[in-house]
Amino acid sequence: MPVPHQANILLVDDEAAILKTLSLLLQEAGWQVRAVAGGMEALNCLDQDIYDLMITDLRMPDLDGLSLFQKAKGKDPLLEVIFISAYADLKSAVQAVKNGAFDYIHKSFTPDELLLTVQKALEHRHLHQENRKLKRALNNRGNFQGMIAKSQEMQELADMVERVAETKATVLISGESGVGKGMVARAIHSLSTGKDKPLVTINCGAIAETLVESELFGYEKGAFTGALRTTPGKFEQAHQGTVFLDEIGELPLASQVRFLRVLQEKVIQRVGGSADLPVDVRVIAATNRNLEARVAQGKFREDLFYRLNVVHLSLPRLSQRKEDIPLLAKRFLGDYAGRYEKNLSEIDLEVLYLFMNHPWPGNVRQLQNTVERAVVMAGPQDRTLRKKHLPRGFAPVDSLAESLNRDLTLRELENLYIDRIMEREKGNKAKVARILDINRQTLYNRLKVN
């Protein structure tokens, strides 16, 4: 089974010569490597990034390998671990494997032995991820933690969400307005170890610049006019949970300095106070701006950008994940039909076709608003959402839509739609079947009849 070269490996050993040798071997094999000299430093790395594999010595002065193994698995249960063992530590190494480590190698390892063991460990992790992805697809039929994830693009994103949720790494979510960044943040929180703790959201673009720091960090009584009592900020409210900072690109430069300190030192100071208050929070930030461009313009601190960009999740536009449109539309139909007490339960094929071919500049939010408006416009006896319920912007866009102006049988309409999707997807039957939400054999049977 092929293992992606972007696999991320963490090396832990207090002997510099071993670290150098291992790093060179693994980097030459094409893997990304981070080498650290002790267990405590390794734990900090696991808080800041996602690793596929950790290779660690058993004996280290600050934190022994077995203790590191237990703490590391607590941070990322899917992390594969290989121990480097001396003969005197063989019994401990065997016990570690029984407790869930992948394998161990002796300190006199050969390069081939090391690379083979690493390859097998990464294959094991990759297989586990693929099985989890398949199980998710079978159980949820495109629904993942409230997100519609039927398309390949969203399946890959869902896999990353699951991986990052099991760590405490800081996450930066980017994407256009309306793509669902808040939904992704909620999914990460709901899968994290702090899921029973608060998820506190703050829109950095909706707060007056003079109030940002008091909102984030709180304030002491008497800190300013109107501060009648000591009030905790968002970070204190989210202790042991998650802070979601939406539109982080709008954070004023002056506040960015204090926010950077929170990420680096895990402490805050309330406005008007001098005491350092420790905070244990997971930070997720989101932006619809190009933060690298804002760094170049001097509007966003470079050091803060790199602190936030530990794990970067980029959400595709709705027009890039068209397979998800029918499922999204049907979900919104169910939501709003219930809210407005309508009898709607189906979406007409013509409407789905128009939805699939609309550019959706406002992304998922625009689709949601469109379905809501259509539900409002439907009559009390309507059971199917039809073109007449849509706003005028949904005009026919090509010859198939034009053909809908004449009377067609349902089978003729279905055949036209299948032909159009087959043409657009260049005959990729597997993808067409996913879009139509039918199995491939059903599609084959339809194509034979046409």
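The following dialogue goes through a predicted model and the criteria behind its descriptions.

Student: What are the ground rules for this model?
Tutor: This is a predicted model, so to speak of local features takes pLDDT of at least 70, side-chain atom pairs count only at pLDDT 80 or more, and totals for chains, interfaces and linings use all residues. Residues are numbered from 1 along each chain as its sequence is written, and side-chain values use heavy atoms, with hydrogens and water left out.

Student: How many helices and strands does the chain have?
Tutor: There are 19 helices and 16 strands. Both are DSSP runs numbered from the N terminus: helices are H or I with at least four residues, strands are E with at least two. The C-alpha atoms fill a box of roughly 80 × 70 × 40 Å along the principal axes.

Student: Why is Val184 called buried?
Tutor: Buried means under 20% relative accessible area, exposed over 50%, and partly exposed in between, with a 1.4 Å probe and protein chains only. Val184 has 1% relative accessibility, so Val184 counts as buried. Val184 lies in helix α7, residues 181–191. Across the chain, buried residues make up 47% of the 450 residues.

Student: Which residues is Val184 in contact with, leaving aside neighbours within four places in sequence?
Tutor: They are Met147, Leu157, Val161, Ile173, Leu313 and Leu315. Contact means heavy atoms within 4.5 Å.

Student: Why is Glu323 called buried?
Tutor: Its relative accessibility is 4%, so Glu323 counts as buried. Glu323 lies in the loop between β14 and α13. Beyond four places in sequence, Glu323 is in contact with Lys150, Ser151, Gln152, Lys431, Arg434 and Ile435.

Student: What makes a set of residues a nonpolar core?
Tutor: The members are buried Ala, Val, Leu, Ile, Met, Phe, Trp, Tyr and Cys residues joined through side-chain atoms within 4.5 Å. The largest such core has 35 residues, and Phe355, Leu367 and Val371 touch the most other members. Helices α13 (325–339), α14 (349–357), α15 (363–377), α17 (410–424) and α18 (429–436) each supply at least two residues of this core. The largest share, seven residues, comes from α13. Another core, of 29 residues, lies apart from it and includes Val200, Phe235, Val243 and Ala285.

Student: What does Val371 touch, not counting residues up to four places away in sequence?
Tutor: Val371 touches Ala329, Phe332, Leu333 and Phe355.

Student: Why are α2 and α3 called roughly parallel?
Tutor: Axes are lines fitted to C-alpha atoms, for helices over the stretch in contact, and angles run from 0 to 180 degrees between N-to-C directions. Angles under 35 degrees count as roughly parallel, over 145 as roughly antiparallel, 65 to 115 as roughly perpendicular and the rest as oblique. The axes of α2 (residues 39–48) and α3 (residues 65–75) cross at roughly 5° and come within 10 Å. The two helices are therefore roughly parallel to each other.

Student: Which residues make that contact?
Tutor: Gly39, Ala42, Leu43, Leu46 and Asp47 come from α2, and Leu68, Lys71, Ala72 and Lys75 from α3.

Student: Why do β9 and β14 stand at the edges of their sheet?
Tutor: The open sheet of five strands has the order β9-β10-β13-β8-β14, with parallel pairing. Two strands pair if DSSP finds at least two bridges between them. β9 (199–203) and β14 (311–314) each have a single partner strand, so one side of each is left without a neighbour in the sheet.

Student: How do you know that β10 and β13 pair?
Tutor: Strands β10 (residues 242–246) and β13 (residues 282–287) share four bridges, in the parallel sense. Leu245 has Ala285 in β13 as its bridge partner.

Student: What makes β1 mostly covered?
Tutor: Five of its five residues, in the stretch 8–12, are buried. Asn8, Leu10 and Val12 point one way, and Ile9 and Leu11 the other way. In a regular strand the side chains alternate between the two faces of the sheet. Five bridges join β1 to β2 (residues 32–36), running parallel. Leu11 stands opposite Ala35 in β2.

Student: Why is Lys266 called partly exposed?
Tutor: Its relative accessible area is 36%, so Lys266 is partly exposed. Its phi is near 60°, a positive value in a residue other than glycine.
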